[in-house]
Amino acid sequence: MKIEKENIEMEKIVNLLKNCEDDGTFLDSIYNLYLFIGIAKGVDDVKNGRGMTLKESKERLMKKYETYNTKYSS
């Protein structure tokens with residue numbers, strides 16, 4: 001598995017944490033940060049041509065699990 005360096009500006013992360021609700025918990029903040037990083041990575045993937053269409057995704061999943069029903073059906 002290749003680990004790529006995240007290219008997310010610290011200012012965006014700081015703003016995200018500053019705009020959290022006052023009554024939110026630490027775990028809420030961590031969740032929001034994790035969600036933000038995931039969205040930013042997805043946007044970067046699409047911008048750099050690393051995305052796929054829903055049709056391509058469905059085809060990939062169907063190929064991967066094509067024998068699932070025959071192995072595990074009742």
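Trainee: How many salt bridges does the structure hold?
Mentor: The structure, which is a predicted model, holds two salt bridges.

Trainee: Okay, which residue does Asp44 pair with, and how far apart are the closest N and O atoms?
Mentor: Asp44 forms a salt bridge with Arg50, and the closest N and O atoms of that pair lie 2.8 Å apart. As for the general idea, side chains of opposite charge can pair when their charged atoms come close.

Trainee: And what about Asp45, which residue is its partner?
Mentor: Asp45 also has a salt bridge with Arg50, with 2.8 Å between the closest N and O atoms, and in this way Asp44, Asp45 and Arg50 are linked in a network of salt bridges.

Trainee: Is Arg50 buried, exposed or partly exposed, then?
Mentor: Arg50 counts as partly exposed, because its relative accessibility is 41%. Asp44 is partly exposed too, with a relative accessible area of 36%, and Asp45, at 28% relative accessibility, is likewise counted as partly exposed.

Trainee: Changing topic, how many helices and strands are there in the protein?
Mentor: The protein has four helices and zero strands, so that, read from the N terminus on, its elements run α-α-α-α.

Trainee: What can you tell me about the length of α2?
Mentor: Helix α2, which covers residues 26-47, has 22 residues and reaches 32 Å from its first C-alpha to its last, which is close to the 32 Å expected at 1.5 Å a residue. Just after α2 comes Gly49, which takes a positive phi of about 70°.

Trainee: Which residues form the nonpolar patch on the surface?
Mentor: The patch is formed by Tyr31, Leu35, Ile39 and Val43, and together these residues have about 390 Å² of accessible area. Ile39, which is found in helix α2, is classed as exposed because its relative accessible area is 51%, and the cut-off for exposed is over 50%.

Trainee: Going back to the whole protein, what share of the residues is buried?
Mentor: Buried residues make up 5% of the 74 residues in the protein. The protein exposes about 7,500 Å², and carbon and sulfur atoms supply 56% of that area.

Methods:
Residues numbered from 1 in each chain as written. Predicted model: local features only at pLDDT ≥ 70, side-chain atom pairs only at ≥ 80, totals over all residues. Heavy atoms only, no water. Helix = DSSP H or I, 4+ residues; strand = E, 2+ residues; numbered from the N terminus. Buried < 20%, exposed > 50% of the residue type's maximum accessible area, 1.4 Å probe, protein only. Areas by Shrake-Rupley, 256 points an atom, 1.4 Å probe, with all protein chains shown as cover. Patch = residues over 30% accessible without salt bridge, like charges linked within 9 Å, V, L, I, M, F, W, Y side chains within 5 Å. Salt bridge = Lys/Arg side-chain N within 4 Å of Asp/Glu carboxyl O. Expected span 1.5 Å × (residues − 1).
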